[in-house]
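This report describes the fold, the surface and the side-chain contacts of one protein chain. Please keep the structure in view while reading.

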Amino acid sequence: MAPKEKKEFDKDFTNILLIESAKAKKLAKKYGIETSILIVDSIILQWEVIGNYLKNQLGGYFNHNLKYWQEVKTELEKL
């Protein structure tokens with residue numbers, strides 16, 4: 001490869017790496033948030049079960065933990 005071709009190749013390769021790096025960051029952010037939402041959904045489901053049990057046992061118990069995790073999910077969905 002001639003020096004001029006090598007220089008063009010290096011420039012193109014660097015541009016590809018930068019573009020792919022930016023795409024990777026976007027995908028990580030997107031799927032990181034989606035994964036977090038799925039995890040929070042699981043936590044919410046668990047607190048709903050616990051809340052229903054406590055409500056039946058204690059009569060009218062308000063589950064503050066459930067409210068907290070619902071707020072966390074709302075904030076994640078805004079991202």
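Helices (H or I, at least four residues) and strands (E, at least two) are DSSP runs, numbered from the N terminus. The model is a predicted one, in which local features need pLDDT of at least 70 and side-chain atom pairs count only at pLDDT 80 or more, while totals for chains, interfaces and linings use all residues. Residues are numbered from 1 along each chain as its sequence is written, and side-chain values use heavy atoms, with hydrogens and water left out.

**Overall form**

The chain contains 2 helices and 0 strands. Its radius of gyration is 24 Å, well over the 12 Å that the globule rule gives for 79 residues, so the chain is more spread out than a compact globule. Here the radius is taken over C-alpha atoms, and the globule rule is 2.2 Å times the number of residues to the power 0.38. The C-alpha trace spans about 80 × 20 × 10 Å along its principal axes.

Helix α1 covers residues 3-58, and P3 is found in it. From P3 to A28 there are 25 residues in sequence and 37 Å in space, C-alpha to C-alpha.

**Surface and charge**

A residue is called buried under 20% relative accessible area, exposed over 50%, and partly exposed in between (1.4 Å probe, protein chains only). Of the 79 residues in the chain, 11% are buried. P3 is exposed, because its relative accessible area is 71%.

The chain exposes about 6,700 Å², and carbon and sulfur atoms supply 62% of this area. Such areas come from the Shrake-Rupley method with a 1.4 Å probe; for residues, only the protein chains shown count as cover.

There are 13 positive and 11 negative side chains, and the centres of the two sets lie 4 Å apart. Lys and Arg count as positive and Asp and Glu as negative, whereas His and the chain ends are not counted. The place of a charge is taken as NZ of Lys, CZ of Arg, CG of Asp or CD of Glu.

**Salt bridges**

Side chains of opposite charge can pair when their charged atoms come close. A salt bridge is a side-chain nitrogen of Lys or Arg within 4 Å of a carboxyl oxygen of Asp or Glu. How many salt bridges does the structure hold? The structure holds 3, and they are listed below.

| Salt bridge | Closest N to O distance |
|---|---|
| D41 and K73 | 2.7 Å |
| E71 and K67 | 3.3 Å |

D41 is partly exposed at 28%, and K73 is partly exposed at 23%.

E71 and K67 both lie in helix α2, 4 residues apart, about one turn of the helix. E71 is partly exposed, with a relative accessible area of 40%, and K67 is partly exposed, with 41%.

E75 and K78 are 3 residues apart in helix α2, which means that about one helical turn separates them. E75 counts as partly exposed at 46%, whereas K78 counts as exposed at 59%.

**Aromatic contact**

Rings of Phe, Tyr and Trp (its six-membered ring) pair if their centres lie within 6.5 Å; planes under 30 degrees apart count as stacked, over 60 as edge-to-face and the rest as tilted. This rule gives 1 aromatic pair. Y68 and W69 form an edge-to-face pair, 5.1 Å centre to centre, with 80° between the planes. Y68 is partly exposed at 47% relative accessibility, and W69 is partly exposed at 23%.
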